[in-house]
Amino acid sequence: MRLGVLDVGSNTVHLLVVDAHPGARPLPAHSHKAELRLAQLLDKEGAIGPDGVDRLVAVVHDALRAAEDKGVEDLLPFATSAVREATNADGVLARVREETGVELTVLSGAEEARLTFLAVRRWFGWSAGKLLVLDIGGGSLEIAYGIDEEPDTAVSLPLGAGRLTAARLPGDPPHPDDVRALRRHVRTEIARTVGDFSRFGAPDHVVATSKTFRQLARITGAARSAEGLYVQRELKRASLEAWVPRLAAMTSAERAELPGVSEGRAGQLLAGALVAEAAMDLLHVESLEICPWALREGVILRRLDHMGQG
């Protein structure tokens with residue numbers, strides 16, 4: 001059957017269409033996305049403003065039309081941290097439901113981490129052993145660890161690249177004092193969770209997902225996306241540490257000139273790099289592998305599992 005997953009994220013609204021059935025690998029058929037940057041549209045009270053809600057409704061309408069055009073039988077719509085943490089989340093969800101007919105399921109941070117972990121486990125298989133999975137989104141950082149398809153422990157922290165950029169890095173390029181303050185904040189937040197993972201021992205394989213990690217891997221020398229899903233891509237901590245001060249000194253326009261960095265994500269790449277560097281350092285990760293599957297694939301896989309059980 002043809003499934004569609006509609007991901008209302010903190011940076012983008014992304015429709016992924018796949019051909020799939022239980023027991024088979026989902027095959028991508030179509031991708032439709034629009035950059036909204038909801039994490040950066042919150043007002044001082046933490047609400048998504050009227051303009052942001054209007055834009056969200058319009059983008060969901062566009063995604064529905066694309067899903068219909070592509071023959072999607074079953075649409076799985078969900079929202080993550082930007083909507084989850086908005087003070088007017090109930091009103092936003094109601095407007096989307098009333099004006100589009102789409103009932104967005106709001107995932108908790110723990111659910112995000114678990115579903116992303118499932119996708120990574122399925123991609124690498126049981127031979128990967130104990131997995132440590134990192135995922136930097138626009139609004140949050142998820143970390144999960146485990147040996148099965150469900151992680152033994154998972155946390156979600158408000159350390160998304162878009163959120164941190166909007167709240168803590170106002171300059172372009174940012175002032176060095178702001179960069180140092182953000183670095184301290186990120187490390188303090190992550191350090192509080194290290195014990196949750198260290199008690200399980202060292203992982204056999206460390207994996208990262210998300211656009212932020214893919215871009216950081218690319219600027220440090222990983223293969224281009226055009227070379228395909230199955231090319232191994234790594235991010236080494238030493239390479240990342242060398243790049244952080246360079247990114248801090250660049251404007252957004254200069255970062256957008258780097259290989260693999262999109263104009264829309266260039267402004268928040270430094271914040272993402274600071275989070276990635278801190279997580280790798282505090283969790284004693286020297287190198288990690290980039291996984292092409294993440295949350296959207298996890299949602300699809302869970303749906304297929306339920307279909308198989310039925």
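**Helix packing and cores**

Tutor: Helices α6 and α12 cross in a right-handed way. Right-handed means the near helix is turned clockwise from the far one by less than a right angle, left-handed anticlockwise. Helices here are DSSP runs (H or I, at least four residues), strands likewise (E, at least two), numbered from the N terminus. One caution: this is a predicted model, where local features need pLDDT of at least 70 and side-chain atom pairs count only at pLDDT 80 or more, while totals for chains, interfaces and linings use all residues. Residues are numbered from 1 along each chain as its sequence is written, and side-chain values use heavy atoms, leaving out hydrogens and water.

Student: What angle do α6 and α12 pack at, and how far apart are their axes?

Tutor: The angle is about 40°, and the axes of α6 (residues 176-191) and α12 lie 9 Å apart. Axes are lines fitted to C-alpha atoms, for helices over the stretch in contact, and angles run from 0 to 180 degrees between N-to-C directions. So α6 is oblique to α12. The cut-offs: under 35 degrees is roughly parallel, over 145 roughly antiparallel, 65 to 115 roughly perpendicular, and the rest oblique.

Student: Which residues of α6 and α12 make the contact?

Tutor: From α6, they include Val 179, Leu 182, Val 186 and Ile 190. From α12, they include Leu 270, Leu 274, Val 275 and Leu 282. Contact means heavy atoms within 4.5 Å. By class, the contact of α6 with α12 has 12 nonpolar, no polar and four charged residues. Nonpolar covers Ala, Val, Leu, Ile, Met, Phe, Trp, Tyr, Cys and Pro; charged covers Asp, Glu, Lys and Arg; the others, Gly among them, are polar.

Student: What about α1 and α3, how do they cross?

Tutor: α1 passes α3 in a right-handed crossing. The axes of α1 (residues 50-69) and α3 (residues 89-100) come within 10 Å and cross at roughly 40°. α1 and α3 are therefore oblique to each other. Among the residues that meet are Val 53, Leu 56 and His 61 in α1, and Val 92, Arg 95 and Glu 99 in α3. The contact of α1 with α3 has seven nonpolar, two polar and three charged residues.

Student: Switching to cores. How many residues are in the largest nonpolar core?

Tutor: It has 49 residues, and Phe 213, Leu 216, Leu 247 and Leu 288 have the most contacts inside it. Helix α12 (residues 269-282) gives the most to this core, with 10 residues. A second, separate core of 26 residues includes Ala 82, Val 92, Val 96 and Val 102. A nonpolar core is a set of buried Ala, Val, Leu, Ile, Met, Phe, Trp, Tyr and Cys residues joined through side-chain atoms within 4.5 Å. Buried means under 20% relative accessible area, exposed over 50%, partly exposed in between (1.4 Å probe, protein chains only).

Student: Is Thr 165 buried or exposed?

Tutor: Thr 165 counts as buried, at 12% relative accessibility. Thr 165 is in helix α5 (residues 161-168).

Student: What is the phi of Arg 37?

Tutor: It is positive, about 55°, although Arg 37 is not a glycine. Most residues other than glycine have a negative phi. Arg 37 is partly exposed, at 32% relative accessible area. His 284 also has a positive phi, near 60°, and is exposed at 67%.
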